[in-house]
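The sequence and structure are shown first.

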Amino acid sequence: MPDRLGEAREVKFRDPELAGELGRTLVSLVDDIDRAPITLMHVCGSHEQAIAKYGLRATFPKALDVIMGPGCPVCVTDAPEVDEGVWLARQGINVATFGDMLRVPGTRHSLADAQSEGGKVHVVYSAAQVVSMARKDPSQEYVFYATGFETTAVATAAVLLSDPPPNFSVLSAHKYVPPAMEVVAQNPASRVEGFLAAGHAATITGYGLFEPMAEKYGIPIVVAGFEPLDILAGLVELVRLVRDKSPRVFNAYPRCVSREGNQPALRMMWQVFQTSSGVWRGIADIPDGNLRMRPEFECFDARKKFSIDASVYASEADLALVKDCICGGIMSGLASPPDCTLFRNRCDPQHPVGACMVSSEGTCKIWYEYGGRPDLSEAGRT
Amino acid sequence: MTGQRVEMRHGGGGRSMRTLIEEVFARGFADMPFDGIGLGAMDDGAAIRVGDRWLVLTTDSHVIHPVFFPGGDIGRLSVSGTCNDLAMMGATEGIALTCAMIIEEGFPLGELERIQHSMVEACREAGATIVTGDTKVMGRGEIDGIVINTSGIAFASAPIRDSGLRVGDKLIVTGTMGDHGLAVMAARHNLEIDGGELLSDVAPLTTMIRAALSAGNGSIVAMKDPTRGGLASSLGEMASKAGVGIVVYERTIPVSAAARAAGEMIGIDPLQVANEGKAVIGVRAEAAGAVLAALRAHPLGKDAAIIGDAVAERPGSVILDTGYGRRLLVESDGEPLPRIC
């Protein structure tokens, strides 16, 4: 049965011929608008992963610039937040986190560095897994280093609400997306003309959440899923809204997303977390962009429980470096990597300063490796 | 190197490992006079001229968690790995292996016997034998379970390099990609996978490669076994060493339903993880059909497929045509990590 379901999904949302048709529609819409560039931003790491995995960028019209916004929760985790995890691991405490968090650099060290020094750093797939590790080993402390947007924050909240053992706690680096989109939208210099919003976060928050933003900033927002056809269909809709100068919200992922979202999940999330302001790596201080644990959950809040003091890792030199990073401008489509004084100089994939160099799909990382967006269409066809 | 320490990525078979070898281990050796294929070639093994034939020499140390995994164990892996490195250089005749075991105090003797039995079985399949060995036992906690090193020698009439591609050559894989790496990861994390049983492909390729070489009759120009780093890493190395581009078509690359499901579940590309019973073969276009037929006639090669071409554009790069569009297929550095975003 699961196999048949898998086949159905492949047929429905992974049909190269249908993709070809959507691609042609995209080209004709962009031709209608007849100016370049038309700049759209997606705000989701999974969108970028799918765009990259299926090579969709190679099929986009040249006049269409689809840029990666602050959408990868791991990449925007700021160095001092990573330092907190490193500090815990160096105290001999078990730190469990998602695999892609391991190599994200702190001020001086990553969790992978802490692991190679002998720190007990574990890769897990869910918060629930850490709870069972903690139950099996009650004499040891287990901290879940929690990253991700609304979707994963709900999963963390669910675990905290189901009576975890006392040797389990959470270090929350969860982020909340809507305020970051607002920061981009209200930047007067921003060239972003439309947002492709993340389908899975919207299953929780509902697409209604975006309506005031679309109205306030006069910018269209399309909620899209993650299969190649979902993304292409979402972009077609978004370009149509840009052409029609129609700043509204369109739900291109109706099989999962509703206007009001998942209310019980939202209640769980807000029962455990509250927003607080904080820096997103290389971007800006995002008001209400971080999700931190409410005082009622203090006994499971690793920051309180272990009185983490990661300030020992901070240094003037590193702070100065961060000040020169123009990731925010690159993500807003205002600058490109060669405009940055740090690029290839003090910032590279082994020692990234900003989020754009951390992610394998980050703009700076791609420029570093390939010298810009490569044109692959002609190779082997002559 | 961060903090001047060895990290896990330095053993992952990717860029970091090559940098470590070039900047630390190969220093002073790469330039020493040597009549044959030596360390500087960074190939699967070395080749020394003996009369009108070549003696190929290779060595490999094996560590794996768990020691017994779906589809094989460390014993089968340690024989297959070395036989395959020899086969990739065209050396399939007169295989003799050495075996050094480093064992942790307390290791169950019964498990050691199972491992030894697997080694015998794998040697039989390859037409190889173990001719000498070494045993060390270390204290509890000083080593994790067991480490097995095997070295091997075998003869080749002409060594096949991994650098021999020319524009117009075809690329063949001998079967489904990613099975070993994903099976081990799934076992390690107790993942339940839809789409059938996920087994490691670990096997010695010697007899299949012998048949392919004979069918190719001199037209096989490059071979690699896509172990750590997977197909992406092997193709990347073949492209950059030969100074050609490579275009491969994703829809022609065999991937089992179970490996595809596991890959999607943990966010890891089956083209970037290890195989232990597969080869990537570069062959002159006119002989591709004959080589493919010979591979498919062998039980280990029934899923073999032509997956792409060597091209003049973008030398050193591997382009993946997905059917939707195109992207560069880049090797991951170090062990690929499961991702959430």
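The model discussed here is predicted.

Under that assignment, chain B falls into two parts, domain 1 (34-156) and domain 2 (170-328). Chain A is divided into domain 1 (2-72 + 182-251), domain 2 (79-176 + 262-313) and domain 3 (317-370).

| Domain pair | Distance between C-alpha centres |
|---|---|
| Domain 1 of chain B and domain 2 of chain B | 22 Å |
| Domain 2 of chain A and domain 3 of chain A | 25 Å |

In chain A, the contact between domain 2 and domain 3 takes seven residues from domain 2 of chain A and 12 residues from domain 3 of chain A. On the side of domain 2 of chain A that touches domain 3 of chain A, four residues are nonpolar, two are polar and one is charged.

In chain B, 25 residues of domain 1 are in contact with 23 residues of domain 2. Helix 2 (74-88) and helix 3 (109-126) of chain B each contribute at least two residues to the side of domain 1 of chain B that touches domain 2 of chain B. Helix 2 of chain B provides the largest share of that side, 10 residues. Sorted by class, the side of domain 1 of chain B that touches domain 2 of chain B comprises 12 nonpolar, nine polar and four charged residues.

Methods. Residues are numbered from 1 along each chain as its sequence is written. Chains are lettered from A and ligands numbered from 1 in the order in which they are written. This is a predicted model: local features need pLDDT of at least 70, side-chain atom pairs count only at pLDDT 80 or more; totals for chains, interfaces and linings use all residues. Domain bounds come from an automatic or database domain assignment. Two residues are in contact if their C-beta atoms, placed from the backbone, lie within 7 Å. Ala, Val, Leu, Ile, Met, Phe, Trp, Tyr, Cys and Pro count as nonpolar, Asp, Glu, Lys and Arg as charged, and the others, Gly among them, as polar. Helices (H or I, at least four residues) and strands (E, at least two) are DSSP runs, numbered from the N terminus.
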